[in-house]
Each structure stands twice: as C-alpha cells, then as structure tokens.
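Reader: I am new to this structure and would like to learn how to read its features one at a time. Could we begin by looking at it together?

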Amino acid sequence: MRGGRRTKQWWWRWRSNPLRRREDVLEAWLVLAVWALVAVGGTLAGVVAARAADETFARQRADREPVRAVVLADVPRATGARGSVYADRALAKVRWTAADGSLRTGSTLVEAGREAGSAVTVWTNRQGDVTTRPPGPSDAAVEAGLLGAGAALALSGLVIGAGVTVRWRLDRRRIAGWGTEWAMVGPQWGHKTG
C-alpha cells in the first residue's frame with residue numbers, strides 16, 4: 001500500500017462536506033478557542049500572577065526591617081517532634097525599641113533554650129509591630145514562579161474543563177440527532193430483528 005492515498009485530512013471540519021454537521025463546525029472552533037486560551041491566557045495569567053507576587057515580596061522587603069530585641073523570660077527547651085520545622089524554636093516574649101523611640105513588647109519565635117536578657121533579632125513593619133521575616137530575593141523569585149505556574153495551570157484547567165463540558169454536550173446533541181435520523185431511516189430498511 002505504498003502508493004495508497006492518505007486518509008487523514010487536515011482542517012476537515014472547516015471544509016465543505018455534505019456529511020459535515022453544524023456541531024462539527026462548532027466543535028472545531030471550540031477546540032481552536034480552548035487551545036488558544038490555554039496558550040495565551042495561561043501564559044498571561046502566569047506572568048501577571050508571578051509579577052504581582054514578586055511586587056508583593058519586594059514591598060515586604062522594603063516595609064520590614066530587622067530590630068534588636070531582648071528576651072524577657074527564659075525560653076524552655078523545645079519538646080516538639082524531632083524533624084519539625086519549629087522543633088528548635090519556641091514562642092517567647094520580647095521587648096524592642098520601635099523606630100519612633102517607644103518601647104514595644106510582643107511575642108515571637110526564638111531559639112529554644114534562650115535565657116532572659118539575651119539579644120535576638122526580630123522583624124518589624126512600619127508601624128513597629130513584630131512580623132515575619134520577608135523572603136529574600138531568590139526565595140521570592142522561586143515562590144513567585146511557583147505562584148505564576150499555579151495560576152497558569154488553574155486557568156488552563158478551567159478552560160479545558162469548560163471545553164470538555166461543551167464537547168460532551170455537542171456529542172449528546174449528535175447522538176440525539178443520530179437517533180432521530182435512525183427513527184426515520186430504519187423502518188425503510190425492512191425487517192427489524194429482535
């Protein structure tokens with residue numbers, strides 16, 4: 001069959017054909033639209049989400065600053081599960097001087113086993129309240145990239161899910177049409193079995 005004719009036709013749903021149905025044309029445009037939205041919309045959503053996250057992390061780095069604080073009471077040794085992220089840290093009361101010169105007191109995680117009066121570094125926001133340490137530039141870039149990829153995948157999943165749902169409905173319409181056509185043509189074929 002080397003000299004055989006190729007049976008696969010490209011763009012067959014858009015070509016004029018007596019067997020082509022309206023649902024076939026709709027499905028062709030739907031598939032094209034879904035892939036275009038996945039490619040363009042997914043990329044755009046990923047870039048926008050990554051940039052927004054990166055700007056947020058940059059703002060956090062600009063708004064937060066490290067401040068020297070003093071532990072107010074002895075911090076007990078950690079009794080948490082070994083291998084835990086916070087196994088070597090415990091909640092402690094600390095005192096620090098805010099940027100406006102006022103003395104502040106609050107709670108934060110410090111190394112377990114610290115004695116009262118020992119110095120620790122805490123991160124404060126512009127209001128002088130204790131907050132978490134902002135992510136560094138490299139950590140922020142990785143997290144922004146992951147958030148962007150997640151946004152792209154989420155949008156792509158929604159678009160593909162909507163496309164699958166619409167194609168399922170088109171298939172149901174085709175099957176119903178075949179049933180109607182068979183009800184008209186079937187009796188003309190003569191004897192029915194069964």
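Reader: At what angle do helix 1 and helix 2 pack, and how far apart are their axes?

Author: This is a predicted model, in which local features need pLDDT of at least 70 and side-chain atom pairs count only at pLDDT 80 or more, while totals for chains, interfaces and linings use all residues. Residues are numbered from 1 along each chain as its sequence is written, and side-chain values use heavy atoms, with hydrogens and water left out. Helices (H or I, at least four residues) and strands (E, at least two) are DSSP runs numbered from the N terminus, and axes are lines fitted to C-alpha atoms, for helices over the stretch in contact, with angles from 0 to 180 degrees between N-to-C directions. Here helix 1 (residues 22–63) and helix 2 (residues 137–185) pack at about 160 degrees, their axes being 7 Å apart. Angles over 145 degrees count as roughly antiparallel, and helix 1 and helix 2 are therefore roughly antiparallel to each other.

Reader: Which strands pair with strand 1?

Author: Two strands pair if DSSP finds at least two bridges between them. Strand 1 (residues 65–71) pairs with strand 4 (residues 119–124) in the antiparallel sense over six bridges, and valine 67 has valine 122 as its bridge partner in strand 4. Strand 1 also pairs in the antiparallel sense with strand 2 (residues 89–97), over three bridges, where valine 70 stands opposite arginine 95.

Reader: What does valine 122 touch?

Author: With contact meaning heavy atoms within 4.5 Å, and not counting residues up to four places away in sequence, valine 122 touches Glu65, Pro66, Val67, Ala69, Val94 and Thr108.

Conventions. Angles under 35 degrees count as roughly parallel, over 145 as roughly antiparallel, 65 to 115 as roughly perpendicular and the rest as oblique.
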